[in-house]
Amino acid sequence: MLTDVEHELDTTEIQLNGNKWLQEYSTHDLRSAKRLTRSFDDKRLHNQNITAGSNEINQFVRISKLNQSGPFISLHYVGEKLQAVENGRYKLGSEDQGHTFTIIKPPRNCSRLRKLYRNPHNSNEVLITCGSNPIILISENSVKTFNAVVKPPFVPKRLLFNPSSKYSTFLLGYDGRKKELYISKKSGLAWQLIDSGVNRYYWGVPNIDSDQSIVYYEKDNISFTANIYKYISSKSVKTLCKPSLKNIKINSLIVNKNYMMALKNHTEGLKLYVSYDRKPFKLARLPSDMLLETVTILDVSQDTVMLAGYHMLYKIMNLYISDRQGTHFVLSLSHLKVINSHSKNHRPSFYKVKGQIGTYLANQNGVDGVVSKITFNKGVTWQLISPPQNAIKGYCNDCKLPNCSLHFKLRQTSSKRVVRDIVSSRKSPDLILGAANCGRVENSLKQGLVVSQDGGYTWKFSSDYHYSYSVLDHGSIITTSDSTLAYNHGKINILYSCTNGDLWHRLNIVNATGIVALVVNNPYQESLMMNILACDISRYSIWSVVTLDFSTIIHRRCNASDYSTWMRRDNNCVLGQVKSYRRRNSTSCCFYGSQYRKLSSTTICSCRRDDFTCNFGFERISSTNSSQNGYTCRPQQLSLTANYDCNQTVSSIPVYRKLPGNQCRHGIEKTITHAKYTFKCNQTEYLTDRIRLENVATTPVASSASPSNLTTTDHPMYKKRLATLLA
């Protein structure tokens, strides 16, 4: 199975059992509200009472109670508009991020609403599918009224708009039961069958495909495999896809940016094939002969593919990184922790930090337990995560590397998960917050909220509230809620901070009795509006949507004196560039505003040794000897044979290659790329024990303090699994 995690929805939603729907509940009915201020530096509490019915609390808090029946509730963003959805007769919509809600009442022949789709090129155009009848409701005024009720020739399981503004009225419709793919060129008013027996389908990619009306899709054939087809919507022409790849594994086609990928069955197991820039498919070469069962694409950026391969024989998952064409891979991290290990949909415990190029977190299985690690150079080297610099309430006392580090659970591989263990934002590249614990291994029972203000290099312990988080206004406000394990009698507890977690305010919303199920993350994160979904289990599980408007509390817009310049890693180059950001001082409690932009400048660096790593077919050996510049490259006979055609002597194989996504120029680039290695196919011994660069003045590379760069066969978990198989 080939899965593309990167293409999943980047919004948060929750689905929980509940009943009872909409009833407006005014904040005038609140009897009291209390806001507590707590500083973890002095652990003092300051109480401030707010009178119910005052202008301040009425403008700040808005509560909508839900009191009609429905099988489940979801609260999520569709575009920049918030929608609260119930999979039943009624649908609740909000156009002002939760300040007010309106009921969407479908016509009588649509007894149950199913899904809502908003045109990305026209936010007022909305299509809603019905669950009981094959009906599509079309609105051109954000569901205030329905302009058309269309009965298509299929039962729509999913609708997909064209990503190009040139074809803004084009959308695909898929019938999951019959596996039929349809197209509409008139915003859903009329439909035409493309093909049947379809498993996966994709629109062409803007700026990559010459004709953005192209549809790539996978179709079953008679041999229990599938072929790849191309449909040109503007001409209504259907052909076999070129580049061609026939008889692929069913449900394995992925089209993501420059890459097209699919799996094929061979006698020795599944093999991955990749097409780059729509050129012919080539067999991807992985540095392991272990059989693959599933492949999960984790990231496709900076012309590099990061994938996790699950090896069924040893029941382990490894992380691999490719070259520009996606055909040669190297091992990045072995023995990733697997989520859903008892199903065929194996998911790695992995997280991509938004806004920071090349920064990822992953959990690795070890002998004693699960260990969290971080990389700042797109997976070339991994290291333990530095523990917080402060210790509060017994957390992280005497925690020092390498015997003690910071660990995250990293369950955020699905957009529908209730718990968000870690949050970052493209709008706030320096800010990361999440639930973590200190120790030798990961332990979710000892977690607290930690915050990083420098992209993950250093951390601080901030709060013992660590259930669900939200980042508002580019990071000027961060919020968190307490755990759902304890019922909050008569109130909802929320913590918020305008000082990056240095000082917290506790907000108790009284008479909004319930359990905080989710602090909903706005994917755009430019406003000061926050949405909460809460449940009152003492009153037949009545659900409430609570909206908090922090613009009524944070009145001052930041000025020039509130900003300072920040660069990653103490002004050092990261992936060949220095990015300078303008960010707010942590002591300034002010808001940015929607027009704020953090990135100030980008400077390209001269190439150094740490901008390069070993080429494919060579093993990177870390060294503490500064004369060897931090690492050496050792040729591997089997890996060289797998990565290069072996019909003749191969000469002049580059020993080093530039790190994926690295932008450096000049410096030692010419010198280091001239280091070559001569490889002979029948060679059984290394020509040299180590490949070294001579007479090149470079900056040493700091080696990792942990054994994260062990090869798969060196890992103790591998040896333990192998011993079990041989017993």
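**Close-up views of a predicted model**

**View 1. Strand β50 (residues 577-584) is joined to β51 by five bridges, and these two strands run antiparallel.** Strands here are DSSP runs of E with at least two residues, numbered from the N terminus, and two strands pair if DSSP finds at least two bridges between them. Within this pairing, Lys 579 stands opposite Thr 602 of β51. The open sheet to which they belong has three strands in the order β49-β50-β51, with antiparallel pairing. Because β49 (563-567) and β51 (599-604) stand at the edges with a single partner strand each, one side of each is left without a neighbour in the sheet. This is a predicted model, in which local features need pLDDT of at least 70 and side-chain atom pairs count only at pLDDT 80 or more, whereas totals for chains, interfaces and linings use all residues. Residues are numbered from 1 along each chain as its sequence is written, and side-chain values use heavy atoms, with hydrogens and water left out.

**View 2. Arg 583 and Asp 430 meet through their side chains in a salt bridge (3.2 Å, N to O).** Arg 583 lies in strand β50 and Asp 430 in strand β39, so the pair ties together parts that are 153 residues apart in sequence. A salt bridge is a side-chain nitrogen of Lys or Arg within 4 Å of a carboxyl oxygen of Asp or Glu, and by this rule the count comes to 15 salt bridges. Arg 583 counts as buried at 18% relative accessibility, and Asp 430 is buried with a relative accessible area of 6%; buried means under 20% relative accessible area, exposed over 50%, and partly exposed in between (1.4 Å probe, protein chains only).

**View 3. The side chains of Lys 378 and Asp 299 form a salt bridge (3.4 Å, N to O).** Since Lys 378 is in the loop between β35 (370-375) and β36 (383-384), while Asp 299 is in strand β27 (residues 292-301), the pair ties together parts that are 79 residues apart in sequence. Lys 378 is buried, with a relative accessible area of 0%, and Asp 299 likewise counts as buried at 0% relative accessibility.

**View 4. A salt bridge (3.5 Å, N to O) is formed by the side chains of Glu 442 and Lys 409.** Glu 442, in the loop between β39 (428-439) and β40 (448-452), is linked with Lys 409, in the loop between β37 (405-408) and β38 (422-425), the two being 33 residues apart. Both Glu 442 and Lys 409 are buried.

Definitions and conventions. Helices (H or I, at least four residues) and strands (E, at least two) are DSSP runs, numbered from the N terminus.
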